[in-house]
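Subject: Handover of a structure and what was found in it

Dear colleague,

I am passing on the structure below, together with some notes on what was found in it. Please look through the model first and then read on.

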Amino acid sequence: QTGMGTEGQLLIPRKIHDTLIEEVDKNLIPRSEAAIYFGPGDIPGSSVDVNLVTPNQLDVRIIAEGAEIPIDQSAYTSFNLKPVKWGVALRITREMLEDAKWNLLQHNVTVAGKRFAEKETELILSDALQSGSNTVTGGAAITIANITRAMQYLDDSDYTPTTLFVGMEVLNDLRNIDTFVEADKARINDPSKRLIGKIFEMKVLTSRNVSA
């Protein structure tokens with residue numbers, strides 16, 4: 001018997017669980033939702049120029065009999081993308097690689113990949129989606145009218161809305177709208193997926209990075 005009991009604890013063998021409990025994965029915006037994606041191999045220099053067709057420039061007109069056919073052509077413009085570099089260095093000693101219970105290098109590379117993906121989602125939301133000029137203002141909770149008004153902004157520009165990105169607050173609002181509660185109306189196929197259903201033919205994707 002020991003005096004304080006603390007010393008005795010050192011003599012009791014301890015079991016280390018064989019499985020490393022991973023952190024919870026965050027919902028992210030998949031790259032499949034991007035209209036254009038440039039990887040590192042697509043930008044050999046410091047930037048890339050993206051060419052665009054200027055809409056509604058070429059037109060057809062009524063021509064009187066014997067009159068000269070008017071000449072017209074499409075117009076074009078471009079914008080320049082200059083990427084910035086993000087990175088992280090991993091420092092693991094050879095002794096830890098040899099003696100550790102798990103492959104620390106492989107695990108840290110995997111976690112670093114997750115951090116890159118999370119940063120990518122964060123930058124897309126903060127630099128593009130949340131800084132858009134078309135804003136729908138509603139009350140305390142999102143309504144169907146808010147959703148359809150947001151869709152109209154795209155419809156007015158001849159685009160078709162395909163995906164609805166929502167944060168946790170709006171997701172909670174959607175779950176409390178009777179119209180979307182029934183599975184056959186929400187078209188929910190697999191609740192375990194990020195895709196929680198469809199609303200007006202739009203995929204609904206969630207991410208904690210999306211603001212209220």
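A residue is called buried when its relative accessible area is under 20%, exposed when that area is over 50%, and partly exposed in between, using a 1.4 Å probe and protein chains only. By that scale E33, at 24% relative accessibility, counts as partly exposed.

Some ground rules apply to everything that follows. This is a predicted model, in which local features need pLDDT of at least 70 and side-chain atom pairs count only at pLDDT 80 or more, while totals for chains, interfaces and linings use all residues. Residues are numbered from 1 along each chain as its sequence is written, and side-chain values use heavy atoms, with hydrogens and water left out.

Overall make-up

The protein has seven helices and five strands, where helices (H or I, at least four residues) and strands (E, at least two) are DSSP runs numbered from the N terminus. Following the sequence, these elements come in the order α-β-β-α-α-α-β-α-α-α-β-β. Of the 212 residues in the protein, 17% are buried. The accessible surface comes to about 16,900 Å², and carbon and sulfur atoms account for 54% of it; such areas come from the Shrake-Rupley method with a 1.4 Å probe, and for residues only the protein chains shown count as cover. If contact is taken as heavy atoms within 4.5 Å, then among contacts between residues at least 6 apart in sequence, 65% join residues at least 24 apart.

The nonpolar core

A nonpolar core is a set of buried Ala, Val, Leu, Ile, Met, Phe, Trp, Tyr and Cys residues joined through side-chain atoms within 4.5 Å. The largest one here has twelve residues, namely I147, M151, L164, V166, V170, L171, L174, I177, F180, I199, M202 and V204. Two or more of these residues come from each of α4 (144-155), β3 (163-166), α5 (168-175) and β5 (202-206), and α5 gives the most, with three residues. One of the core residues, I177, is in contact with I142, T143 and I144 once its neighbours within four places in sequence are left aside.

Helix α4 also holds N146, which at 13% relative accessibility counts as buried. Not counting residues up to four places away in sequence, N146 touches V136, T137, G138 and A141.

Salt bridges

How many salt bridges does the structure hold? There are eight, a salt bridge being a side-chain nitrogen of Lys or Arg within 4 Å of a carboxyl oxygen of Asp or Glu. In one of them D25 pairs with K114, with the closest N and O atoms 2.8 Å apart. This pair links distant parts of the chain, since D25 is in the loop between α1 (6-9) and β1 (48-54) and K114 is in helix α3 (residues 104-127), 89 residues apart. D25 counts as exposed, at 52% relative accessibility.

Another salt bridge joins the side chains of K203 and E33, at 2.6 Å from N to O. K203 lies in strand β5 and E33 in the loop between α1 and β1, so this pair ties together parts that are 170 residues apart in sequence. K203 counts as partly exposed, at 28% relative accessibility.

E118 counts as buried at 12% relative accessibility, whereas R115 counts as partly exposed at 33%. Salt bridges that share partners join E23, K26, R115 and E118 into one network.

D158 is placed in the loop between α4 and β3 and is exposed, with a relative accessible area of 72%. E201 is placed in the loop between β4 (198-199) and β5 and is partly exposed, with a relative accessible area of 47%.

With best wishes
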